[in-house]
Amino acid sequence: MGISKKANASGISNILSKPLSEDKVIETIAQFIHSKVSQTPVSINEIPHIEEKNNRFTKKAIDLNEGARILGKDRTHAERMLREFMRSLPESRTEIEKAYRSNNVNEFSDVIHQFYGGLCYVGAPYLRQAAKELENTLVKKEKHQVNRFYQRLLDEMSAVEKEFEKDFL
């Protein structure tokens, strides 16, 4: 009996095999939410930061609904805050890269803390999460993790920039 048959016999209805991609995990979770397991259908709009397009589920780098909730305002205010943040992002990126290269942990921590503070009012959940993880890593002095979280922060910045250019310019 193969792994799939064994799993099915045990009540497992879906298996993801390695290597896992983030898109495939998101798509599988979204399908599970829509499955028979849930007696009440769930709208994809109820799953934060995920968008359905052509029956594919993708992660959204920018979530104006979240921005509106954070601000306690409407999407117009959230978009205005996002645009202001995006104007400062190139300078912030330069400052973060410079602080990283300086090898001065205190300076780098301060720059990341300020950047994270600005993100707290913007609907960019994955970028905010990346900044928070990097900040926590620096606070805990986990030097072996800094490079990984720094790279993730840069990747999420690029994702926000790309999505902003596509959807808001």
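Helices (H or I, at least four residues) and strands (E, at least two) are DSSP runs, numbered from the N terminus. This is a predicted model: local features need pLDDT of at least 70, side-chain atom pairs count only at pLDDT 80 or more, and totals for chains, interfaces and linings use all residues. Residues are numbered from 1 along each chain as its sequence is written, and side-chain values use heavy atoms, with hydrogens and water left out.

**View 1. Overall fold.** The protein has seven helices and two strands. Along the sequence they follow the pattern α-α-β-β-α-α-α-α-α. Of the 169 residues, 34% count as buried (under 20% relative accessible area; exposed is over 50%, partly exposed in between; 1.4 Å probe, protein chains only).

**View 2. Helix H7, residues 143–168.** The end C-alpha atoms of H7 are 37 Å apart. This agrees with the 38 Å that its 26 residues should span at 1.5 Å a residue (1.5 Å times one less than the number of residues). Buried residues of H7 include Phe149, Tyr150, Leu153, Met157 and Phe164. Glu156 and Glu163 are buried too.

**View 3. Salt bridge Asp167–Lys60.** The structure holds ten salt bridges (a side-chain nitrogen of Lys or Arg within 4 Å of a carboxyl oxygen of Asp or Glu). One of them joins Asp167 and Lys60, with the closest N and O atoms 3.3 Å apart. The pair links distant parts of the chain, 107 residues apart: Asp167 is in helix H7, Lys60 in the loop between strand E2 (56–59) and helix H3 (64–71). Asp167 is partly exposed, at 36% relative accessibility. Lys60 is buried, at 14%. A network of salt bridges links Lys60, Glu163, Lys166 and Asp167.

**View 4. Salt bridge Arg128–Glu66.** Arg128 and Glu66 meet through their side chains at 2.7 Å, N to O. Arg128 lies in helix H6 (residues 125–139) and Glu66 in helix H3, so the pair ties together parts 62 residues apart in sequence. Arg128 is buried at 15% relative accessibility. Glu66 is buried at 10%.

View 5. The side chains of Glu84 and Arg87 form a salt bridge of 2.7 Å, N to O. Both residues lie in H4, three residues apart, about one turn of the helix. Glu84 is partly exposed, at 44% relative accessible area. Arg87 is exposed, at 60%.

**View 6. Negative surface patch.** Glu91, Glu95, Glu107 and Asp110 form the patch (residues with over 30% relative accessible area and no salt bridge, like charges joined within 9 Å). Helix H4 (75–101) and helix H5 (105–119) each supply at least two of its residues. Glu95 sits in H4 and is partly exposed, at 37% relative accessibility.

Note on methods
Patches are made of residues with over 30% relative accessible area and no salt bridge: like charges are joined within 9 Å, nonpolar side chains (Val, Leu, Ile, Met, Phe, Trp, Tyr) within 5 Å. Accessible areas come from the Shrake-Rupley method with a 1.4 Å probe; for residues, only the protein chains shown count as cover. Lys and Arg count as positive and Asp and Glu as negative; His and the chain ends are not counted. The place of a charge is taken as NZ of Lys, CZ of Arg, CG of Asp or CD of Glu.
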